[in-house]
Amino acid sequence: MIFDTHAHYDDEQFDTEREELLAAMPAAGVGLIIDPGCDELSSRRAVELAERFPHVFAAVGWHPENCAPFTPEDIDALRELAKHPKVVAIGEIGLDYYWAENPPREFQQEVFRLQLALAEELELPVIVHDRDAHADSLEIVREFPNVRGVFHCFSGSVEMARELWKLGWYVGFDGPLTYKNAKKTVEVAAEAPAERILIETDAPYLAPVPLRGTRNDSRNLTHVAARLAEIRGTTPEAIMELTAENGKRLFRIA
Ligand code: NI
């Protein structure tokens, strides 16, 4: 069974066939999916999908790229949404220093801290987006020793990953693990403790080789599982089972 712990089915790229696609997932081997929100509206949409499909769960949060309109009062709306029984995490939250037009770094950090504090208050795990912000992301999660979660689509060094594993965090592997330039991530994938690995699509983005450049969906995780299996000297089936168990443990899904 595949557990895709990160897929944005609320994205407009799925508008033409969202229902059919999600309904077909269990028969295609995808037994569980988490849809993380990127702002309040997308978080609400994720919760609505989770209400309609038994195999879909939601996370709610403000993505760093989308957080410009965020005000501290928005935390109250997130808190209410997060009380829904199918909300299993706060996410997607974090820092993105890659795009020059993103909100200022200090503001992203403030929004990140407020959402980590909410996760601590509600005793929920978090889904962290860290792009070109490794040192600050690690420093800020260290300020919240009671909060655990996943660094989604992990792109840091193996040294940073070791720090996260020590703190009880998970790392997520996505399509980029299958790309030719994935050296650093391959190193992390080889060394990761078995109980700290998740697989995710970030659909509709980051389709794995040989589908790179197409609209991604959870069925394509077989390619990520196959690459991880190759790196770790095991079978794709074993990787799927292992990561599904890890995901259920982190997000407390029975
Ligand atoms: Ni994402």
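Predicted model: local features only at pLDDT ≥ 70, side-chain atom pairs only at ≥ 80, totals over all residues.
Residues are numbered from 1 along each chain as its sequence is written, and side-chain values use heavy atoms, with hydrogens and water left out. Helices (H or I, at least four residues) and strands (E, at least two) are DSSP runs, numbered from the N terminus.

Two cis peptide bonds are described here. One joins Gly91 and Glu92, with omega of about 15 degrees; Glu92 belongs to strand S4 (residues 87-96). Another joins Ala203 and Pro204, where omega is about 10 degrees. Pro204 is located in the loop between strand S8 (197-199) and helix H8 (221-232).

For Asp132, a residue other than glycine, phi is near 55 degrees. Asp132 lies in the loop between strand S5 (126-131) and helix H5 (134-142) and is partly exposed, with a relative accessible area of 47%. The accessibility classes are buried (under 20% relative accessible area), exposed (over 50%) and partly exposed (in between), computed with a 1.4 Å probe on protein chains only. Arg252, likewise not a glycine, has a phi of about 50 degrees. Arg252 is placed in the segment after helix H9 (236-251) and is exposed, at a relative accessible area of 59%.

Two packed helices are described by the angle between their axes and the distance between the axes. Helix H7 (residues 183-191) packs with H8 at an angle of about 70 degrees, their axes being 9 Å apart. Axes are lines fitted to C-alpha atoms, for helices over the stretch in contact, and angles run from 0 to 180 degrees between N-to-C directions. H7 and H8 are therefore roughly perpendicular to each other (65 to 115 degrees). In contact, defined as heavy atoms within 4.5 Å, Val186, Ala189, Ala190 and Glu191 of H7 meet Arg227, Leu228, Ile231 and Arg232 of H8.

The buried residues of H7 include Thr185, Val188 and Ala189. They cover an arc of only 100 degrees around the axis, which puts them on the same side of H7; the arc is that of the directions from the helix axis to the C-beta atoms. Among the elements covering these buried residues are helix H6 (158-166), strand S7 (170-173) and H8.

Technical notes:
Parallel < 35°, antiparallel > 145°, perpendicular 65-115°, else oblique.
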